[in-house]
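Thanks for making the time this morning.

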Amino acid sequence: MKNAYKIVTLAAAIGLSGPALASLAYVSNEKDNTLSVIDTETNEVVDTIDVGARPRGILLSRDYTKLYICASDDDTVQVLDLATRKITDTLPSGEDPEQFALHPNNRHLYIANEDDAIVTVVDVETKDVLAQIDVGVEPEGMAVSPDGKWAVNTSETSSMLHWINTETFEIEKNTVVGQRPRHVEFTKDSKIAWASAEIGGTVHIFDVDTIEEIKQIDFRIKGVPQDRVQPVGIELTSDGKYAFVALGPSNHVAVVDAQTYEVLDYLLVGARVWQLDLDKDEKFLYTTNGVSSDVSVIDVEELKVIKSIKVGRFPWGVVIDPTS
């Protein structure tokens, strides 16, 4: 093994190329209070990390050195050092943090506090609370545009998106969407925002410059009762080709043409699919399936589910570290 290691090291030193290293997927298991770590090369769980109570939203720092974790029942955001896989810090978060989003400046963390009907903005370096913004009832989803101009929060009971100016920390506009909005996803160029409405069974698409809705997508799955078609997580490919929408207890992921907004297909995954994330090459999509306690792997080119990976109980969030 030592000789093999020296050969690999020497090859790297003289610039010889080798096979690309796999990335790691991190999955939050809200009933086990753990993270499952998946090697995306083998699609096997390689580690399980104990974290706070009821972990839900998770996201990476912009430099990929830390993982932030919404420990909802502990009323805190935990900071996991990815090199050591140890919790090294906690951040003030307000009560019941559900989802959050990090500004491109890698410092301002926008946190949805469901019980308090506020969005808390925390500086992750100084741990100062920069603002607490009153929003609608039961705030859940949180997104920041890639250009850093907008933070958008979804309030479930109010059925609204709240458009927050990231310079002033003030709401510029409220837009009504379908019942119980859960997630917002911006295109890479920050021009379009997609928002899911879980109970409404719809996805709403907005022109960001005008903050006007330009399209509503409805979903119909043959053989599935309509009240079980509940959009939650959304993932967009960087080439603008596809949008993938997790449809909750319908146990399907919708494949949408991101240019025409036409639903192209429905892919059967595990039970109650929550969130999803693409691997670093965008060849595979990973979905968290809460009730079946597994992760489905979808081949993006073939639009086919190729594997199910058993993880902890009630997996909720998933992020993939492209540098690992």
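Arg-85 has a relative accessible area of 25% and is therefore partly exposed, where buried means under 20% relative accessible area, exposed means over 50%, and partly exposed is in between, with a 1.4 Å probe and protein chains only. Before I go further, this is a predicted model, in which local features need pLDDT of at least 70 and side-chain atom pairs count only at pLDDT 80 or more, whereas totals for chains, interfaces and linings use all residues. Residues are numbered from 1 along each chain as its sequence is written, and side-chain values use heavy atoms, with hydrogens and water left out.

What does Arg-85 form a salt bridge with? The partner is Asp-47, and the closest N and O atoms are 3.0 Å apart; the term salt bridge stands here for a side-chain nitrogen of Lys or Arg within 4 Å of a carboxyl oxygen of Asp or Glu. Because Asp-47 lies in strand β3 and Arg-85 in the loop between β6 (76–81) and β7 (86–91), the pair ties together parts that are 38 residues apart in sequence. Helices (H or I, at least four residues) and strands (E, at least two) are DSSP runs, numbered from the N terminus. Asp-47 also counts as partly exposed, at 25% relative accessibility.

Lys-307 is partly exposed at 29% relative accessibility, and Glu-44 is partly exposed at 42%.

Let me now turn to a buried pair. Glu-140 and Arg-182 form a salt bridge at 3.1 Å, N to O, and as Glu-140 lies in strand β12 and Arg-182 in strand β16, the pair ties together parts that are 42 residues apart in sequence. Both of these residues are buried. They also belong to a network of salt bridges that links Glu-140, Glu-156, Arg-180, Arg-182, Glu-198 and Arg-272. By the distance rule I gave, the count of salt bridges comes to 15.

Next, the sheet that contains β3. It is an open sheet of 4 strands in the order β3-β2-β1-β28, with antiparallel pairing, where two strands pair if DSSP finds at least two bridges between them. The edges are taken by β3 (44–50) and β28, each with a single partner strand, so one side of each has no neighbour in the sheet. From one strand to the next the twist averages 25°, with axes being lines fitted to C-alpha atoms, for helices over the stretch in contact, and angles running from 0 to 180 degrees between N-to-C directions. Strand β2 (residues 34–39) is joined to β3 by 6 bridges and the two run antiparallel, with Ser-36 standing opposite Thr-48 in β3.

A second open sheet, also of 4 strands, has the order β20-β21-β22-β23 and antiparallel pairing. Its edge strands, β20 (234–236) and β23 (263–268), each pair on one side only, and neighbouring strands are turned by 20° against each other on average, direction ignored. Within this sheet, β21 (residues 242–246) and β22 (residues 252–257) pair in the antiparallel sense over 5 bridges, and Ala-243 has Val-256 in β22 as its bridge partner. In strand β20 we find Ile-234, which is buried, with a relative accessible area of 2%.

Finally, the pockets. The largest pocket holds about 1100 Å³ of space and is lined by 35 residues, of which Leu-59, Glu-185, Glu-235, Asp-277 and Val-319 lie nearest its centre. For the method, on a 1 Å grid over the protein atoms alone, a pocket is an open set of points where a 1.4 Å probe fits, with protein on both sides within 12 Å along at least five of seven lines, and lining residues have an atom within 4 Å of a point. Which strand gives the most to this lining? That is β28, with 5 residues.

Conventions
Grid points are joined across faces, edges and corners, and a volume is the space filled by probe spheres set on the points.
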